[in-house]
Amino acid sequence: MLLAGAVSTLLPAVAFAEQPDSERTKTIKGRFEPGAPDWAYLPVDVPRGVREIEVVYRYDKPPGVPGNALDIGMFGPEGHELGDHRGFRGWSGGARDRFTISASGATPGYLPGPVVAGTWHVLLGPYTVSPQGMNYEVDVTLRFGPPGEPIRPNPAPRRATGRGRAWYRGDCHLHTVHSDGKRTPEELITAAKTAGLDFFVSTEHNTTSASLRWGDHARPDLLIVNGEEVTTRSGHWPALGLPPGYWIDWRYRGSEQAAFERFARRVHAVGGLVVAAHPYAACPGCSWEFGYDHVDAVEVWNGDWSFDDELSVRLWDGLLREGKWVPAIGSSDAHREPQPVGLPQTVVLAEDLDTRSVLAGIEAGRSWLAESSRVELTMRAVAGRQVAGIGDRLRAAEARIELDIAGAPGCEVRLITPTRIAHSEWVPATGRAQVRWAAVDADWVRAEVRRPLRTPTTPDTMVALTNPIFLGRR
């Protein structure tokens with residue numbers, strides 16, 4: 001069977017006989033050649049009375065570039081066609097070589113629940129195949145017996161203790177052991193609070209398992225927003241603000257634009273946001289190929305500042321110059337130590353510290369980006385009695401731009417319009433500065449704060465970046 005929107009193949013089925021009070025393992029061997037389909041589905045016919053299913057896999061890894069990489073996941077008998085969320089039971093990509101599923105538990109990345117009788121499908125994704133090809137083996141073990149006590153979902157609250165209408169600091173792209181991260185949920189929460197964050201978005205690759213467990217770890221002073229990093233072969237897109245357990249499919253490429261739009265609409269239908277992540281990341285399948293007509297924000301700063309981020313900011317600036325307004329966000333995309341959580345962070349003006357308000361602030365562009373909580377920034381445009389902040393419009397052709405910065409010693413503040421860097425000032429050693437500039441006939445003004453490095457191979461490091469303030473009556 002071929003799935004719409006994906007290049008896939010169906011492997012020969014594996015059948016098990018009913019064997020009460022015992023377990024049985026079968027090993028399936030196969031091979032992928034270079035140019036293999038994106039997805040291969042291994043059917044497993046599961047009889048009645050199974051308590052737990054375990055899958056272990058391995059594949060050869062000959063030296064050379066590209067090397068072999070094989071992802072793995074699982075669908076239950078309810079369905080495995082594109083977008084069929086009923087059968088989704090988990091995904092771990094290449095992060096682990098085994099998983100188990102039962103009513104009373106599941107490996108992180110997988111969903112606990114009864115192992116019902118029917119045809120299950122082990123999903124194999126040959127991410128890269130070396131010129132030598134890839135030999136693989138999959139062990140499927142069924143354990144028979146009573147199903148065990150079911151686990152009840154415990155999602156995080158959608159509201160935390162806030163300060164009313166205020167600026168809240170967050171990280172919109174993070175991973176734990178529920179996908180390919182190494183931090184446990186508790187370790188991520190500790191790192192977030194150490195970074196001075198008020199919220200973060202949990203964005204595990206292609207799975208919803210973490211969203212069903214964050215209530216086990218939540219604390220009243222930190223908002224945890226559910227999300228998913230939808231990891232396609234043509235770019236990654238974090239879906240922010242999903243209901244607990246709400247899964248978005250990733251099995252399509254940039255040539256299947258209609259599939260991307262279909263799932264973007266699903267995110268919007270439940271009040272979530274679509275983000276184009278790290279558009280110029282160098283990893284296979286990471287660069288963005290779906291365009292910007294259906295995204296709500298662009299992740300222009302991902303982790304430590306690099307040339308990838310420089311290109312992303314230039315792309316975003318180009319969209320602004322063309323009249324296409326897509327807000328910018330920044331995220332750490334932290335997976336493990338020593339990758340810091342909250343480098344960078346998105347600082348959002350929200351009505352309160354709850355999921356709906358934070359998403360509304362991001363969608364409106366009422367946000368700015370900072371390398372850490374040490375950096376403080378305010379920016380506004382003033383014309384007579386009119387005042388507009390970041391992401392808003394001041395309906396006047398002329399305005400005074402007022403920017404205050406702290407925590408940025410030795411940095412350069414740049415005010416940027418559609419045509420040029422219109423004004424710049426240096427921040428003294430105190431780290432504080434008040435920048436004032438008269439804007440005339442500029443459609444918008446945005447700010448960058450950079451730390452100069454002046455080396456041939458490294459761009460000036462971004463310290464802070466704002467979304468624009470729009471001017472004029474358009």
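**Figure 1. Salt bridges in the predicted model.** The count comes to 34 salt bridges, a salt bridge being a side-chain nitrogen of Lys or Arg within 4 Å of a carboxyl oxygen of Asp or Glu. This is a predicted model, in which local features need pLDDT of at least 70, side-chain atom pairs count only at pLDDT 80 or more, and totals for chains, interfaces and linings use all residues. Residues are numbered from 1 along each chain as its sequence is written, and side-chain values use heavy atoms, with hydrogens and water left out.

**Figure 2. Salt bridge between Asp38 and Arg253.** The N to O distance is 2.9 Å. Asp38 lies in the loop between strands E3 (23-32) and E4 (39-46), and Arg253, 215 residues apart from it, in the loop between strand E15 (235-240) and helix H2 (257-269). Helices (H or I, at least four residues) and strands (E, at least two) are DSSP runs, numbered from the N terminus. Asp38 is buried at 7% relative accessible area, whereas Arg253 is partly exposed at 34%; buried means under 20%, exposed over 50%, and partly exposed in between (1.4 Å probe, protein chains only).

**Figure 3. Salt bridge between Glu371 and Arg451.** The side chains meet at 2.6 Å, N to O. Glu371, in the loop between strand E20 (367-370) and E21, is 80 residues apart from Arg451 in strand E28 (444-451). Glu371 is buried at 14% relative accessibility, and Arg451 is partly exposed at 29%.

**Figure 4. Open sheet of four strands.** The order is E22-E21-E24-E27, with antiparallel pairing; two strands pair if DSSP finds at least two bridges between them. Strands E22 (386-389) and E27 (433-440) form the edges, each pairing on one side only.
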